[in-house]
Amino acid sequence: GAQSGQSTAVVPWTKDPDCTGPSAELTSPSSGALWVDLSSRIGLSFDEMVEPRSVHPGSLRVWTHSGETVSGRFYTQENLVNFVPDSQLLADTTYIVRVPAQGIIDTTGNPTEQSFEFRFSTGGELEE
């Protein structure tokens with residue numbers, strides 16, 4: 001619906017500054033998922049836009065139930081964060097994904113206030 005020759009304006013929708021860090025809302029795979037495909041990526045949706053520079057191996061951690069760190073690349077777009085493992089996930093393995101408190105920040109500089117963690121499995125059982 002853009003009109004030729006007209007520009008856009010940014011209008012604040014609240015008078016108080018944002019003082020709350022981002023919170024994870026949705027995950028892919030979902031928490032507790034079983035039989036996750038070995039070529040899956042891991043995604044998180046936050047309740048507000050995140051600062052891309054704050055997403056790195058220290059702010060979003062992925063490891064196996066046995067403690068092996070999973071290496072990969074991070075991609076962010078607005079409130080979405082995706083992790084793409086460098087190699088396929090292992091079969092019959094439980095994975096743990098964690099965003100520690102103070103890990104990821106929003107675009108106004110507020111960090112996550114509480115740790116967030118979820119697990120999924122590439123097999124039929126979720127190890128606790």
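These questions and answers walk through a predicted model of a protein.

Reader: Which strands are the edge strands of the open sheet?
Author: The open sheet has four strands, with antiparallel pairing. Their order is 1-2-5-4. An edge strand pairs on one side only. That picks out strand 1 (24-28) and strand 4 (72-77).

Reader: What is the average twist from one strand to the next in that sheet?
Author: The sheet is open, with the order 1-2-5-4. From one strand to the next, the twist averages 15°.

Reader: Which residues have the most contacts inside the largest nonpolar core?
Author: This core has 19 residues. Strand 2, strand 5, strand 6 (94-99) and strand 7 (116-121) each give two or more residues to it. Those with the most contacts inside the core are Leu60, Val62, Val97 and Phe120.

Reader: Which residues does Val97 contact, leaving aside its neighbours within four places in sequence?
Author: Val97 is among the core residues with the most contacts. Contact here means heavy atoms within 4.5 Å. With those neighbours left aside, the partners of Val97 are Ile42, Leu44, Leu60, Arg61, Val62, Phe116, Glu117, Phe118 and Phe120.

Reader: What share of the residues counts as buried?
Author: Buried means under 20% relative accessible area. The protein has 128 residues. The buried share is 34%.

Definitions and conventions: Residues numbered from 1 in each chain as written. Predicted model: local features only at pLDDT ≥ 70, side-chain atom pairs only at ≥ 80, totals over all residues. Heavy atoms only, no water. Pairing = 2+ DSSP bridges. Axes fitted to C-alpha atoms, helices over the stretch in contact; angles between N-to-C directions. Core = buried A, V, L, I, M, F, W, Y, C linked by side-chain atoms within 4.5 Å. Buried < 20%, exposed > 50% of the residue type's maximum accessible area, 1.4 Å probe, protein only.
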